[in-house]
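Here are my notes on the model you sent over.

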Amino acid sequence: MGVTKSITRFEILQKQLTLSLLKSRAPIKTLKHLKALHVHILKTGLNQSSFAVGNFFNYCASFNCMPYVLKFFDQLREPNSFVWNTMIRCFQQNQEPKSALLYFGRMRVVSAKPDRFTFPLVIRACTNLQDLCKGKHIHGQVLKYGLQFDVYIGTSLMELYCSFGDLKLAHRVFDEMPIKDTVAWTVILSGYLNNNGAIETAHQLFDKIPVKDIVAWNIMINGYMKLGNTKVAKMLFNQATSKDLLTYNTMLDGYAKCGEVEVMLEFFHKMPEKDVVSWNSVIGGLVQNKQINEAIKYFKKMQMDNLKANEVTLVTILSGCAQVGALDVGRWLHMYIKRSNIGLSDVIGTALVDMYSKCGDLCSAQWVFDKMLDRDVVTWNAMIMGFSMNGQSKEALECFYQMKIEGVEPNEATMLGVLCACTHAGLVNEGQKWFYNMSKELGLTPKLKHYGCIVDLLGRAGLLPEAYRLIQTMPVEPHSGVWGALLGACKIHGNVELAEYALEKLIQLDVEDGGYLSIMSNIYANAGRWDDVARVRELMKKQRIAKLRGCSSIEINGEIHEFGVEEKVHPRRKEIVDMVYEISMRLRVSGHVTSTSEVFFDVEEEEKETALYFHSEKMAVAFGLMATEKGTVIRIVKNLRICVDCHASIKLISKVFGREIVVRDRNRFHHFREGSCSCKDFW
């Protein structure tokens, strides 16, 4: 009798221990522990307990062991609704919505009754699968079981219909709910704001919410910020009865994306609390508005505040460095990543490859690329485009072929890089082959940018009739990039008639862009048609159309210095001007003759030369020669295509002054060394 009591007491203790393990997940850390727990459940007979079985299934789901769960489940005699619901929930947790719906079907076959906990799970599975038909069928089941007034089921149905943009059905479900909790109000608000930005309807609903929680305030503020209405967003922010860090970050991010930099910075400094998201918004806003020096300063301030940068911070600041060619800062960031043991993820690695490529340092770009363990299509694209824009077309194509060998599927961006590589090297046959193989071999439809590239390739090669015929057969309406490529080719080959046709199309598409009219003026001037030159100039004056202002930037000791045509703002302006004249004198002595063909005819020849002296890239080169040690590579970024005279001048400067000069213009890189350029005068 005593032995029986002892056994009974031992069994009770074992059951209690097993149940306590199921309640507290802390001790179960490995699959081995999980299997041991399963043995205890079977030994103690807890496999007949819905609570024990359900909790064990949740354990298995957290270890992604659904096959193990299925074996256990199939051994159960008559699982009740709680166990069925747990199974469906486990599938949802493991991103297996199809299996969730399959087991919902099995549940109904064995006559286990779905309840108010079942339907939210299966409706969410339909949302995940974007299966509206199945979702409506399950909505019918909800009505059949009389559960349409349940707030959780109603909220799930609203989420389903909102995900398809069916706000009418979503609102009907909302109206039929007798009790509307804060989540229901949040879902319907988000539905209107995420579908065509129906801000007025959303605001009317917002005003009807009996008790507005912090989530509702944040949703409405974010809605107005997304539309760029910072005024109403600020009004709501001031009215909000409660605010959290998310509220402040929503306002901050809105100001950043709307380009209100001064307001953003003032708001940031007044914030009672800041996290990494706050700093990322500020840095991102500054980068977006091309205030790279300020972005770098705030990144450094962030370090001083002992706040660790995350992946978003690093990618944002690296993209800023790529924009302006800030190689020194980019290298410093790379060292920071190494020192911080952040690791070379595919995102950070790709950002580094892109930064080095756009700063003209291909050796470093390739070094990072080769070190990366996981290289997705975006990484390959960055490397291909890096080779392409730096004039290494052969390497770009080799990289493309290697990408295919390694089984990475090319996408539209890949093919743009391939076509650009062919364009920069004049590889007409190779470019045409891959353009036409995009759809045949790769299943990709050429977009406008691809057509722009191939027109540029054909046009530069002198195949103007072929380029024009291709434009005429395009399945989509040609954009300004396509006609602009044709106009540029007409300038190279002196085809006035086709240039006039291209310009006519460009005026229809891009009335405000004076660059095209400027090119046409030069085409007329080169053909000696001075009356037409005067007519174009008059048109530009009459319509107040100006050519985009040329700007160049150079990084010196981590700071970006910007120059515009005839720049008069730089603190060392006088020294720079003196250096420009010294350069001009030394080039003249070396036999350089200024090319004034791209300066308007109604300017005196001497004035033309003076105007060319002060092109932004020449100002940047002059400052680079002054501000850096002998032997240092001078790196410049220009927003426009480099002109003929600047190209010829910088080639000679690289020889006369014994410097390597790297210029990134709107289309490509020019690496000038010892009087030669990497583009081989083909740009």
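1. Let me begin with one residue. Ala233 sits in helix α14, which covers residues 230-239. Please keep in mind throughout that this is a predicted model. Ala233 has a relative accessible area of 0%, so it counts as buried. Beyond its neighbours within four places in sequence, Ala233 is in contact with Ile221, Tyr224, Met225 and Met251. As for Lys541, 308 residues away along the chain, its C-alpha atom is separated from that of Ala233 by 41 Å.

2. Next, the nonpolar cores. The largest one has 180 residues, and Phe57 and Leu486 have the most contacts inside it. Leaving aside neighbours within four places in sequence, Leu486 is in contact with Val455, Leu464, Ala467, Tyr468, Ile471, Leu498 and Ala502. Another core, of 33 residues, lies apart from the largest one and includes Phe563, Met579, Met619 and Ile650. As general background, nonpolar side chains in soluble globular proteins tend to be buried together.

3. Now for the sheet. Six strands form an open sheet in the order β2-β1-β3-β4-β5-β6, and the pairing is mixed. At the edges are β2 (559-564) and β6, each of which pairs on one side only. Helix α35 (residues 616-627) lies across β1, β2, β3 and β4, and runs at about 15 degrees to β1.

4. Which strands does β1 pair with? With β2, the pairing is antiparallel over six bridges, and Ile556 has Glu559 in β2 as its bridge partner. The hairpin of β1 and β2 has two residues between the strands, and Asn557 there takes a positive phi near 50 degrees. On β3 (residues 634-638), strand β1 (residues 551-556) has an antiparallel partner joined to it by three bridges; here Ser553 stands opposite Val637.

5. At the other end of the strand order, β5 (residues 669-673) is mostly covered, with four of its five residues buried. Strand β4 (residues 661-664) pairs with β5 in the antiparallel sense over four bridges, and Val663 stands opposite His670 in β5. The hairpin that joins β4 to β5 runs through four residues.

6. β5 also pairs with β6 (residues 676-677), again in the antiparallel sense, over two bridges. Phe672 stands opposite Cys677 in β6. Two residues lie between the strands in this hairpin, where Glu674 takes a positive phi near 45 degrees.

7. Finally, the charged pairs: the structure holds 23 salt bridges. One of them joins the side chains of Arg460 and Asp456 (3.0 Å, N to O). These two are four residues apart in helix α27 (residues 448-460), and therefore separated by about one helical turn. Both Arg460 and Asp456 are buried.

8. Asp578 is partly exposed at 42% relative accessibility, whereas Lys574 is exposed at 59%.

9. One more group is worth a look on your screen. Glu500, Arg529, Asp532 and Arg535 are linked in a network of salt bridges. Asp532 counts as buried because its relative accessibility is 17%, while Arg529 is partly exposed at 32%.

How values were computed. Residues numbered from 1 in each chain as written. Predicted model: local features only at pLDDT ≥ 70, side-chain atom pairs only at ≥ 80, totals over all residues. Heavy atoms only, no water. Buried < 20%, exposed > 50% of the residue type's maximum accessible area, 1.4 Å probe, protein only. Contact = heavy atoms within 4.5 Å. Pairing = 2+ DSSP bridges. Core = buried A, V, L, I, M, F, W, Y, C linked by side-chain atoms within 4.5 Å. Axes fitted to C-alpha atoms, helices over the stretch in contact; angles between N-to-C directions. Salt bridge = Lys/Arg side-chain N within 4 Å of Asp/Glu carboxyl O.
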